[in-house]
Amino acid sequence: MTTPLNAAQQLIKSAKSVLFITGAGLSADSGLPTYRGVGGLYEGQRTDEGYSIETALSASMFRRRPDITWKYLWQIGSACYQAKFNAAHAIIADIERHKANSWVLTQNIDGFHHQAGSKNLIEIHGRAERLYCVACNFHSTAEQLLANYQQIITLPPHCPQCGDIIRPDVVLFEEMLPEKALSQLYELLDTMPFDVVVIVGTSAQFPYIQQPVVIAKQLGIPVIEINPVDSELSRLATYHLRSGAAEMLTKLWEVA
């Protein structure tokens, strides 16, 4: 009898192009905490100031109290620096090398897909290592300006060029998604040139994460979900493989 794992292995093996949709669960094997979801840094808790993490990391809070928003951005950035990409990121990058039309749509801001070598990459929520000034054209990296979130400074950090506030190039709650990333995503959705869609480690709460899967289902493109628990998209998955990302992607790609 063909098992869901066997069937998923054959789909990956025969596919010429794969769309990976990834969330925080992909980086769990890197030891990276997330601020929502299973194992979340603030799951069911309030911040030290009594706010939900969504409020602390919101655009309105950044305008009103940038020091509070930066406190938690700093924790996330520091966690990203102290961890590194894992086998799951490396396997996705390797699949992209063998199947050149494959793409990654990620919610993660840790930059691990980039570090692992993925090229066709849409970081829909930005990347914590990239920094810019809110007032002038100054751009930098966390390594250059903040010693990769390891030095002790008064928050928020200020621009060495004009003195205004520096922020990471990430999407805060209440903010619009980056135009370039959205354009890339819409272009892919217009053609949907994929033989299989693989959802990895995301609760899939955002419409722009759900949309590619809904379209795939409508077009008859098989959907593989890798997640130890159910998500918003589990009902649409052709195969739901209940496992951690690194373990299951290793099984899928070793056989292929």
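Tutor: Start with Arg65 and Asp67, whose side chains form a salt bridge with 2.7 Å from N to O. Keep in mind that this is a predicted model.

Student: Are Arg65 and Asp67 buried, exposed or partly exposed?
Tutor: The general idea is to check the relative accessible area: under 20% is buried and over 50% is exposed, with partly exposed in between. Arg65 has 37%, so it counts as partly exposed. Asp67, at 26%, is partly exposed too.

Student: How many salt bridges does the structure hold?
Tutor: There are 11. One of them joins Lys71 and Glu49, with the closest N and O atoms 3.1 Å apart. That pair links distant parts of the chain: Lys71 sits in helix H4 (residues 66-82), while Glu49 is in the loop between strand S1 (18-22) and helix H2 (53-56), 22 residues apart. Lys71 is partly exposed at 25% relative accessibility, and Glu49 is partly exposed at 32%.

Student: What about a pair within one helix, such as Glu247 and Lys251 in helix H10?
Tutor: For that, look at the spacing along the helix. Glu247 and Lys251 are four residues apart in H10 (residues 245-255), so about one helical turn separates them. Their side chains meet in a salt bridge, 3.4 Å from N to O. Glu247 has 46% relative accessibility, so it counts as partly exposed; Lys251, at 34%, is partly exposed as well.

Student: On to strands, then. Which strands pair with S8?
Tutor: Check the bridges and the sense of the pairing. Strand S7 (residues 196-200) pairs with S8 in the parallel sense over four bridges, and Val200 has Ile226 of S8 as its bridge partner. S8 also pairs with strand S9 (residues 239-241), again in the parallel sense, over three bridges. There, Ile224 is partnered by Tyr239 of S9.

Student: What do S7, helix H9 and S8 make together?
Tutor: Trace the path from strand to helix to strand. S7, H9 (residues 207-219) and S8 make a right-handed β-α-β unit.

Student: And which residues of S8 are buried on each side?
Tutor: Read the two faces separately. In S8 (residues 223-226), Val223 and Glu225 are buried on one side, and Ile224 and Ile226 are buried on the other. Both faces of S8 are covered.

Conventions
Residues numbered from 1 in each chain as written. Predicted model: local features only at pLDDT ≥ 70, side-chain atom pairs only at ≥ 80, totals over all residues. Heavy atoms only, no water. Salt bridge = Lys/Arg side-chain N within 4 Å of Asp/Glu carboxyl O. Helix = DSSP H or I, 4+ residues; strand = E, 2+ residues; numbered from the N terminus. Buried < 20%, exposed > 50% of the residue type's maximum accessible area, 1.4 Å probe, protein only. Pairing = 2+ DSSP bridges. Right-handed = clockwise from strand over helix to strand, strands pointing away.
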